Amino acid sequence: NPVRRFRGRLAMPVTIVTSGTGSDRAGLTVSSVLVMEGDPGEVLLLVNPHTDLWDAVEETDRLLIHICSPAHRGLAEVFAGRQPNPGGMFAGVKATDGDWGPVLEDVPNRLGVRVTSMDPAGWSGVVRGVIEHVEVSGMDDPLVYFRGRYRTLG
């Protein structure tokens, strides 16, 4: 597919997006993320509408975006469904329920988002939201997705 090949040549961030609480927690590794500056800032995400994350976001109108570093490669694989994690994706992960969704304690760069719309687009869905909370800490080398693989910039 030429569109898929072209998209694969764009370096994209690796994030883990979470939503829901308790037994209704959901998460997904998402690389199609756009953060727009403004007052307030906004976010656009492409998310498969057939995922548990989509359902959790529809239910709560909230989500939390975590930016991954190379140390989070395994976690990103779990949330992408590419690596098994007995007991579910949150099993053995330090996570607490927060105002916007499950907080992954070991992934400190985060955005709390109130969702304003969810619309179909292509084979995905566009999730749009307003940024309500920002946590930023040191990060020298983010994890990126390029040509079907996780990579680093360093």
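Reader: By class, what lines the second largest pocket?
Author: Eight nonpolar, two polar and two charged residues. Ala, Val, Leu, Ile, Met, Phe, Trp, Tyr, Cys and Pro count as nonpolar, Asp, Glu, Lys and Arg as charged, and the others, Gly among them, as polar. This is a predicted model: local features need pLDDT of at least 70, side-chain atom pairs count only at pLDDT 80 or more, and totals for chains, interfaces and linings use all residues. Residues are numbered from 1 along each chain as its sequence is written, and side-chain values use heavy atoms, without hydrogens or water.

Reader: What counts as a pocket, and as lining?
Author: Take a 1 Å grid over the protein atoms alone. A pocket is an open set of points where a 1.4 Å probe fits, with protein on both sides within 12 Å along at least five of seven lines. Lining residues have an atom within 4 Å of a point.

Reader: How much space lies in the second largest pocket?
Author: About 220 Å³. A volume is the space filled by probe spheres set on the grid points, which are joined across faces, edges and corners.

Reader: Which residues line it?
Author: Among them are Pro-13, Thr-15, Val-33, Ile-65, Asn-109, Leu-111 and Val-136. Arg-110 and Glu-135 also line the second largest pocket. The elements that give two or more residues to this lining are β4 (33-36), β6 (62-67), β9 (110-121) and β10 (124-135). Strands (E, at least two residues) and helices (H or I, at least four) are DSSP runs, numbered from the N terminus.

Reader: What does Glu-135 form with Arg-110?
Author: A salt bridge, with the closest N and O atoms 2.6 Å apart. The term means a side-chain nitrogen of Lys or Arg within 4 Å of a carboxyl oxygen of Asp or Glu. Glu-135 sits in strand β10 and Arg-110 in strand β9, 25 residues apart.

Reader: Is Arg-110 buried or exposed?
Author: Arg-110 is buried, at 7% relative accessibility. Glu-135 is partly exposed at 29%. Buried is under 20% relative accessible area, exposed over 50%, partly exposed in between (1.4 Å probe, protein chains only).

Reader: How many salt bridges does the structure hold?
Author: Five. One of them joins the side chains of Asp-97 and Arg-25, at 2.9 Å, N to O. Asp-97 lies in strand β7 (residues 95-97) and Arg-25 in the loop between β2 (15-19) and β3, so the pair ties together parts 72 residues apart in sequence. Asp-97 is partly exposed, at 39%. Arg-25 is partly exposed too, at 24%.

Reader: And what does Glu-42 meet?
Author: Arg-128, in a salt bridge of 2.8 Å, N to O. Glu-42 is in strand β5 and Arg-128 in strand β10, so this pair ties together parts 86 residues apart. Glu-42 is partly exposed at 24%, and Arg-128 at 33%.

Reader: Which element gives the most?
Author: α1, with four residues. By class, the largest pocket's lining has 10 nonpolar, nine polar and six charged residues.

Reader: New topic. What is the order of the three-strand open sheet?
Author: β1-β11-β12, with antiparallel pairing. Two strands pair if DSSP finds at least two bridges between them. The edge strands are β1 (12-13) and β12 (149-152), each pairing on one side only.

Reader: Over how many bridges do β11 and β12 pair?
Author: Four, with β11 spanning residues 143-146. Val-144 stands opposite Arg-151 in β12.
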